[in-house]
Amino acid sequence: MEKLITAIFCIAMFSLVSVGCSKDDDDKDGKDGIETTTGMTWEKLVGEHPFMGNFPKYDGDIEFHQYNKTFGMESVGFFDYKCDASMATGYYSKLAAAGFTVNPNAEGIYTKTVDGYELTFTGTHAAGNFGMVFACNPID
């Protein structure tokens with residue numbers, strides 16, 4: 001049940017990322033625990049949000065990055081616009097190689113437990129865009 005709640009939260013986060021996104025919006029206001037930036041690199045993302053270092057490096061573009069922390073769960077979502085579907089399948093392969101388990105009932109959802117935290121990746125590729133949400137949830 002907890003995994004289902006985590007998955008639903010990740011999908012909700014993905015929805016928040018997709019609403020009103022713009023590659024030219026360079027906002028970092030931190031309102032309500034949410035930060036939004038563009039022009040992010042993987043290394044800078046890991047530096048700002050260390051839990052991201054538990055996920056394999058994403059080699060594509062990180063556009064419209066959004067961070068949220070709610071009830072102890074941290075999440076980062078972003079898009080890679082105008083990319084081939086091979087970027088998604090390639091990243092899914094990296095997740096599997098790093099020990100993440102794919103959800104058999106939901107394509108694009110991968111989980112892994114590390115040091116008392118459940119890591120969840122939710123991704124989808126559609127219309128040439130790859131949307132991703134990375135979450136870190138403490139295990140009670």
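Tutor: A residue is called buried under 20% relative accessible area, exposed over 50% and partly exposed in between, using a 1.4 Å probe and protein chains only. The model is predicted, so local features need pLDDT of at least 70 and side-chain atom pairs count only at pLDDT 80 or more, while totals for chains, interfaces and linings use all residues. Residues are numbered from 1 along each chain as its sequence is written, and side-chain values use heavy atoms, with hydrogens and water left out.

Student: Which class of accessibility does Glu43 belong to?

Tutor: The relative accessibility of Glu43 is 49%.

Student: Which residue forms a salt bridge with Lys57?

Tutor: A salt bridge needs a side-chain nitrogen of Lys or Arg within 4 Å of a carboxyl oxygen of Asp or Glu. Lys57 is itself partly exposed because its relative accessible area is 37%. The closest N and O atoms of its salt bridge are 3.0 Å apart, and the partner is Glu43.

Student: How many residues apart in the chain are Lys57 and Glu43?

Tutor: The salt bridge joins Lys57 and Glu43. Lys57 lies in the loop between H2 and E2, Glu43 in helix H2, and their separation is 14 residues.

Student: What is the N to O distance in the salt bridge of Asp59 and Lys94?

Tutor: The structure holds two salt bridges. Asp59 is exposed because its relative accessible area is 55%, whereas Lys94, at 30%, counts as partly exposed. Their side chains meet with an N to O distance of 2.9 Å.

Student: Which residues does Val46 touch, leaving out those up to four places away in sequence?

Tutor: Val46 sits in helix H2, residues 42–48. It counts as partly exposed because its relative accessibility is 23%. With contact taken as heavy atoms within 4.5 Å, Val46 touches Met52 and Gly53.

Student: What kind of aromatic pair do Phe55 and Phe100 make?

Tutor: Rings of Phe, Tyr and Trp (its six-membered ring) pair if their centres lie within 6.5 Å; planes under 30 degrees apart are stacked, over 60 edge-to-face, the rest tilted. The whole structure has 17 aromatic pairs. In this one the centres are 5.3 Å apart and the planes at 20 degrees, so the pair is stacked.

Student: Are Phe55 and Phe100 buried or exposed?

Tutor: Both residues belong to one aromatic cluster, which also includes Trp42 and Tyr91. As for accessibility, Phe55 and Phe100 are buried.

Student: How many residues does the largest nonpolar core have?

Tutor: A nonpolar core is a set of buried Ala, Val, Leu, Ile, Met, Phe, Trp, Tyr and Cys residues joined through side-chain atoms within 4.5 Å. Among the residues with the most contacts inside the largest core are Trp42, Phe55 and Tyr91. H2, E3, H3, E5, E6 and E7 each supply at least two of its residues.

Student: What share of the residues of the protein chain counts as buried?

Tutor: The chain has three helices and seven strands; these are DSSP runs numbered from the N terminus, helices being H or I of at least four residues and strands E of at least two. Their order along the sequence is α-β-α-β-β-α-β-β-β-β. Of the 140 residues, the share that counts as buried is 43%.
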